[in-house]
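Colleague: I'm new to this one. Could you take a close look at a single part for me, the place where the two chains meet, and start with a couple of spots inside one chain to get me oriented?

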Amino acid sequence: MPITCSSCGVEKAALRRPKTGDKLCKVCFFAAFEQEVHEAILTNNLFTAGDRVAVGASGGKDSTVLAYVLSLLNQRHSYGLDLVLLSVDEGISGYRDDSLETVKRNEQQYGIPLTIVSYQQLYGWSMDQIVKQIGTRNNCTFCGVFRRQALDRGAFLVKANKVATGHNADDIAETVLLNLIRGDLPRLGRCAGISTGEDGDLPRVKPFKYTYEKEIVMYAHFKKLDYFSTECIYAPYATRGFAREFIKDLETVRPSAIADLVRAAEEFRIGPDNAEQLAQPKTCQRCGYLSSQDVCKACLLLEGLNTGNPRLGFIMLANIEGNVFKLLSL
Amino acid sequence: MVKLNLHFSGGLELLFGNQKEYSVDVPHEPPSELKVGQLLVWTRDHLLTERPELFMKDKTVRPGILVLVNDVDWELSGTLDSELVDGDNVVFISTLHGG
């Protein structure tokens, strides 16, 4: 017996929204989904007319839906944004090659110009070359550190003044949990922010901060959006750890748990004693990009690679980040 | 037998021999209807090629895998108790992959 949409009362319901429990048809779901992202953008003043926004595009579900929805809202509500797609090519043959093909199709489908920056071009090393040098034990560390900075570098290259990423509510809930477990108070207070670096040259915004992963995937499915979902060949099935698993378990029992975790971190305040521990943003002495230390993590890792002693960069990094980092690399 | 069309995506196809579409005949004795819970077990035992723990957890799909019956969220049709008849389409989408 089909259930009727609780919003329009006419069409057949197509899904149950995890956040609200509402049973909506496709059309009412699209409208609610888009409206909530629009409200998150307005309420938090994420954009200003004239902004040139680089949308971090991996070809995966989150960034594909983000590019689609931002383009749609930009037209519908006349945001006046100049949107560009920005992809990072880590140089992983057989993995990134295919996902970049997806992003190239998105460029055509959504009419947003695409720029691809590669690790090879930025750092002189592709991930394939790095893995050849160091094996597959700590390669994800290199990739993660390089990727974060690559997006900033790419954004400067395309003269964007803002970066938008597809981080969703599930991602943020997972980060909240990890920071809590690590006892990382500064990051715990910061990670639930919808934007970071507002005072700097290149703020980063997360328009999907309140958007559940389930809804992003349902939206992509019902709209038949073209996205890519194959595992990285160097870390098959390993992209998500125990925290993600735990959050998905929580969601099954109580779907609001994800939104609640995000809200808990928003309400979290750092006392004056701890506030001093918050690292002041600096610029790296070597490359000039944003860093929490005198020399940024990417430069430390590069030094190890370029001196033929990749362990070096990794050990220096471990010393900075403490035992937690070693734990994560296991 | 119940004739069904199964679709695996979002990376889940990797556990099913990298094949996204399956047309299958699932053995079933009337009078009761075949339920999705039974289909899951049959699928795991007959179509899955690797890592069953990434598809199922206890008696259901691993949390983070979405299931749609005839393009409707299975949470609206009774999840594991959703009933299946000849010609139904069942879609499994993993949300657990990078984005």
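Modeller: A:Asp51 counts as buried because its relative accessibility is 6%, and buried here means under 20% relative accessible area, with exposed over 50% and partly exposed in between (1.4 Å probe, protein chains only). Before going on: this is a predicted model, in which local features need pLDDT of at least 70 and side-chain atom pairs count only at pLDDT 80 or more, while totals for chains, interfaces and linings use all residues. Residues are numbered from 1 along each chain as its sequence is written, chains are lettered from A and ligands numbered from 1 in the order in which they are written, and side-chain values use heavy atoms, leaving out hydrogens and water.

Back to A:Asp51: you'll find this residue in the loop between helix H1 (26-43) and strand E3 (52-56) of chain A. Helices (H or I, at least four residues) and strands (E, at least two) are DSSP runs, numbered from the N terminus. A polar atom of the A:Asp51 side chain lies 2.8 Å from the backbone nitrogen of A:Thr48. Leaving aside residues up to four places away in sequence, A:Asp51 touches A:Leu46, A:Gly80, A:Leu81, A:Asp82, A:Asn161 and A:Lys162, where contact means heavy atoms within 4.5 Å.

A:Leu46 also turns up beside A:Ser195, which touches A:Arg204 and A:Val205 as well, with residues up to four places away in sequence not counted. A:Ser195 sits in strand E7 (residues 195-196) of chain A and is buried, at a relative accessible area of 17%. Its side chain makes a polar contact of 3.0 Å with that of A:Glu198; such a contact is a pair of N or O atoms within 3.5 Å, where within protein one must be able to donate a hydrogen and the other to accept it, and residues adjacent in sequence count only if both atoms are side-chain atoms.

Now for the meeting of the chains. On the chain B side 26 residues are in contact with 30 residues of chain A. Together the two chains bury about 2500 Å², 55% of it on carbon and sulfur atoms; buried area is the accessible area (1.4 Å probe) that two parts lose on being put together, summed over both. Seven salt bridges run between chain B and chain A, each a side-chain nitrogen of Lys or Arg within 4 Å of a carboxyl oxygen of Asp or Glu. A:Lys214 and B:Glu75 form a salt bridge at 2.9 Å, N to O. Strand E6 (65-69), strand E7 (72-73) and strand E9 (88-94) of chain B are the elements that give two or more residues to the side touching chain A.
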